[in-house]
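Take a moment to look over the chain from end to end. Then read on with the structure in view.

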Amino acid sequence: MNAIEIRNLSKSFRGMYAVDNLNMTVPVGAIYGFIGENGSGKSTTEKLICGHLVPDGGEIKLFGRDYTDAGVRVRVGALIENTGCFPNSSVWDNLMMQAINLGLENRTEEINRVLEIVRMEDSAKIKFKSCSLGMKQRIGIAMALLGSPLLLILDEPINGLDTDGMRIMREILVDITQKYGCTVLISSHILGELEKIATHYGIIRQGKMICEISAKDMDSRAQVFVSLKTKDMNGAKSLLKAKYGAVKEEEGYLRVYDVDDTESIVEYLLQNGHVVSEIKKNKIGLEEYYIELMSKKEDE
Ligand SMILES: Nc1ncnc2c1ncn2[C@@H]1O[C@H](COP(=O)(O)OP(=O)(O)O)[C@@H](O)[C@H]1O
Ligand SMILES: [Mg+2]
């Protein structure tokens, strides 16, 4: 079953389409990286799923049911744009107000549960306004996790975080899916960060989904290459070209594409009088794949 299934979704603002016949499929249990440049329609799509905006047309299904179904709505948690927290209230009080709003019964237990998930058990008494950006984002996630949602929708939660903040966020998101069986839709333009956790990707451009791919397929499609340095780069380049075909000089290294056997390259060059001073295996990752995809579309 899919957690989210969207067909031909559209939303315009003053005659301009922010979301344009968009299709999206998010399997249950996925961490779905929703990727696109600023203004490509990520937040609008997420707001439509959350019912914060009314679509012009199209269909949104959550867990096989229409997205307006009350039974399914209560299982969706979201953090879009801001947390809605009161700055002068403590973390605990903010969570308590939200728990009351949601009509939760076991409020204390539930607040303790979500604080533990976002690793903030010891920060409950701090006023919201005194929290760091990373903490605020985690409180936003805690708010969204109240009531045990099956689907969590997060709009650029990694944006602006430092390296440590990003790492904690990644660990939390993996926990949410693996320990609690929640599906996560996470939008971002920081591709490298998503690459470490996403199980699926959707790439949006000008309101249209231009590519959906699983991390597994992305991995098998990713091109491998070996990069190396020698004294005589030009001589080595012609030799490598003759044997391996696709060779390019890039950022001071020779790149030999679709090969990952470094030993045979070193041996081959040595037999022909070239000593390799540096060599490593590489893979074209999500970032390069994305840039390639974007430039292809622009050429059309
Ligand atoms: N409430 C709104 N009124 C008018 N235009 C909007 C509104 N919300 C978004 N847009 C426009 O829709 C497009 C997509 O925006 P958005 O969904 O926020 O993109 P993203 O989240 O990918 O940066 C942009 O051109 C933006 O200016
Ligand atoms: Mg946005």
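The paragraphs below go from the domains to the sheet, then to a helix and the cores.

This is a predicted model. The protein chain is divided into domain 1, residues 2–220, and domain 2, residues 223–283. Taken over C-alpha atoms, the centres of domain 1 and domain 2 are separated by 44 Å.

Start with the sheet. It is open and has 4 strands, in the order β2-β1-β4-β5, with antiparallel pairing. Strands of a sheet pair through backbone hydrogen bonds, either parallel or antiparallel. Which strands lie at the edges? They are β2 (16–27) and β5 (65–66), and each pairs on one side only.

Now follow the pairs. Between β1 and β2 there are 8 bridges, in the antiparallel sense. One example is Ser12, whose bridge partner in β2 is Tyr17. These two strands, β1 and β2, form a hairpin with 2 residues between them. In the turn sits Arg14, with a positive phi of about 45°. Strand β1 (residues 2–13) is also joined to strand β4 (residues 57–62), by 5 bridges, and the two run antiparallel. Here Arg7 has Glu59 in β4 as its bridge partner. A helix packs on the sheet too: α1 (residues 42–50) touches β1, β2 and β4. The direction of α1 makes about 65° with that of β2.

Next, turn to helix α5. How far apart should its ends be? At 1.5 Å a residue, the 13 residues of α5 should span 18 Å. The end C-alpha atoms of α5 are 18 Å apart, so the model agrees.

Last, look at the cores. In soluble globular proteins, nonpolar side chains tend to be buried together. The largest nonpolar core has 58 residues. Those with the most contacts inside it are Tyr32, Ala142, Leu152, Ile153, Val184 and Leu185. Helix α5 (residues 133–145) gives the largest share of this core, 6 residues. Take Val184 as a close-up. Leaving aside neighbours within four places in sequence, Val184 is in contact with Ile31, Tyr32, Leu152, Leu154, Leu173, Ile176 and Thr177. A second, separate core has 10 residues, among them Phe225, Val226, Val247 and Leu269.

Definitions and conventions
Residues numbered from 1 in each chain as written. Chains lettered and ligands numbered in written order. Predicted model: local features only at pLDDT ≥ 70, side-chain atom pairs only at ≥ 80, totals over all residues. Core = buried A, V, L, I, M, F, W, Y, C linked by C-beta atoms within 7 Å. Buried ≥ 20, exposed ≤ 12 C-beta atoms within 10 Å, placed from the backbone. Contact = placed C-beta atoms within 7 Å. Pairing = 2+ DSSP bridges. Axes fitted to C-alpha atoms, helices over the stretch in contact; angles between N-to-C directions. Expected span 1.5 Å × (residues − 1). Domains from an automatic or database assignment.
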